[in-house]
Amino acid sequence: MTGQLAIVGLGPGAAALQTPQATEALATATDLIGYAPYLDRVPPRPGQARHGSDNRVELERARHALDLATQGRRVAVVSSGDAGVFAMASAVFEAVEAGPAEWRTLDIEVVPGISAMFAAAARLGAPLGHDFCALSLSDNLKPWPLVLHRLVAAASAGFVLALYNAASRARPWQLGAALDALRPVLPPATPVAFATAVTRADEAIVLASLADADPACADMRTLVLIGSAATRTIERPGTQPYLYTPRSVAA
Ligand code: SAH
């Protein structure tokens with residue numbers, strides 16, 4: 001055993017939603033590695049090296065982390081939300097699988113975090129109370145026709161959908177196309193929620209129906225939740241309704 005590598009999920013934003021285990025892994029690391037805005041969420045510590053990087057270089061970042069761990073460092077790679085959901089943990093294991101044998105002798109630990117879908121669901125009520133499916137709309141790592149195929153298959157099968165990476169400057173039209181693909185397979189009244197920057201200072205929740213959902217409500221900090229035919233809305237006077245999916249469906 002040489003160094004150690006922890007892949008740490010920071011949670012959705014609020015400090016209170018970072019686990020004590022994550023805080024401990026960050027505090028004891030000699031080196032922090034990650035997308036610069038995520039590193040900014042970790043308070044600086046004297047003597048700790050910080051290696052910020054661009055968002056698109058995940059594999060390079062993973063190899064860098066593994067190299068540092070091989071040199072005996074205690075490295076923490078940070079991800080937002082959960083480290084294994086559309087995040088750095090898979091990039092690290094892709095690098096390990098293709099990399100030198102000594103990387104397999106490292107002590108690698110994945111430290112889980114609260115994923116955006118759980119933080120968003122908690123703000124809305126209980127939309128993930130029955131079967132659901134998490135999909136990334138990013139077509140960087142898979143072809144767009146496959147994204148559409150999975151979306152339509154999951155919605156047709158009755159899963160509630162939690163959509164990550166629904167929109168960004170580089171991904172301007174995909175969410176609109178995704179909603180258009182879902183309209184023929186789900187009732188027009190199906191609830192759609194745009195949960196942006198959940199648990200951060202600029203959090204915003206927009207509720208719509210599939211018929212009138214406006215893809216412009218999403219940006220790169222938005223989790224889009226699309227109900228199933230079973231998802232219910234409980235109206236409340238003067239405030240946001242609850243959205244929930246009952247635990248059971250009829251046979
Ligand atoms: N590992 C992360 C997901 C990274 S992919 C996790 O488990 O949450 C990045 C996407 O996550 C964003 O495009 C957005 O869809 C979602 N996301 C991350 N933080 C969020 C937050 N605080 N509120 C809403 N969505 C968020």
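**View 1. Helices and a strand that line the largest pocket.** α2 (36-39), α3 (58-70), α4 (88-98) and β11 (222-226) each contribute at least two residues to the lining of the largest pocket, and α4 gives the largest share, four residues. Helices (H or I, at least four residues) and strands (E, at least two) are DSSP runs numbered from the N terminus. The model is predicted, so local features need pLDDT of at least 70 and side-chain atom pairs pLDDT 80 or more, while totals for chains, interfaces and linings use all residues. Residues are numbered from 1 along each chain as its sequence is written, and side-chain values use heavy atoms, without hydrogens and water.

**View 2. The lining of the largest pocket.** Among the 47 lining residues, Tyr38, Asn55, Glu58, Phe86 and Asn165 lie nearest the centre of the pocket. By class, the lining holds 20 nonpolar, 14 polar and 13 charged residues.

**View 3. The residues around the ligand.**

View 4. A nitrogen atom of the ligand lies 2.7 Å from a backbone N or O atom of Val85. For Pro12, a backbone N or O atom is 2.9 Å from a nitrogen atom of the ligand. A polar backbone atom of Met220 is 2.8 Å from an oxygen atom of the ligand. Taken alone, the ligand exposes 540 Å² (Shrake-Rupley method, 1.4 Å probe), and the protein buries 94% of that.

Technical notes: A polar contact is a pair of N or O atoms within 3.5 Å; within protein, one must be able to donate a hydrogen and the other to accept it, and residues adjacent in sequence count only if both atoms are side-chain atoms. On a 1 Å grid over the protein atoms alone, a cavity is a set of points where a 1.4 Å probe fits but cannot get out, and a pocket is an open set with protein on both sides within 12 Å along at least five of seven lines; lining residues have an atom within 4 Å of a point. Ala, Val, Leu, Ile, Met, Phe, Trp, Tyr, Cys and Pro count as nonpolar, Asp, Glu, Lys and Arg as charged, and the others, Gly among them, as polar.
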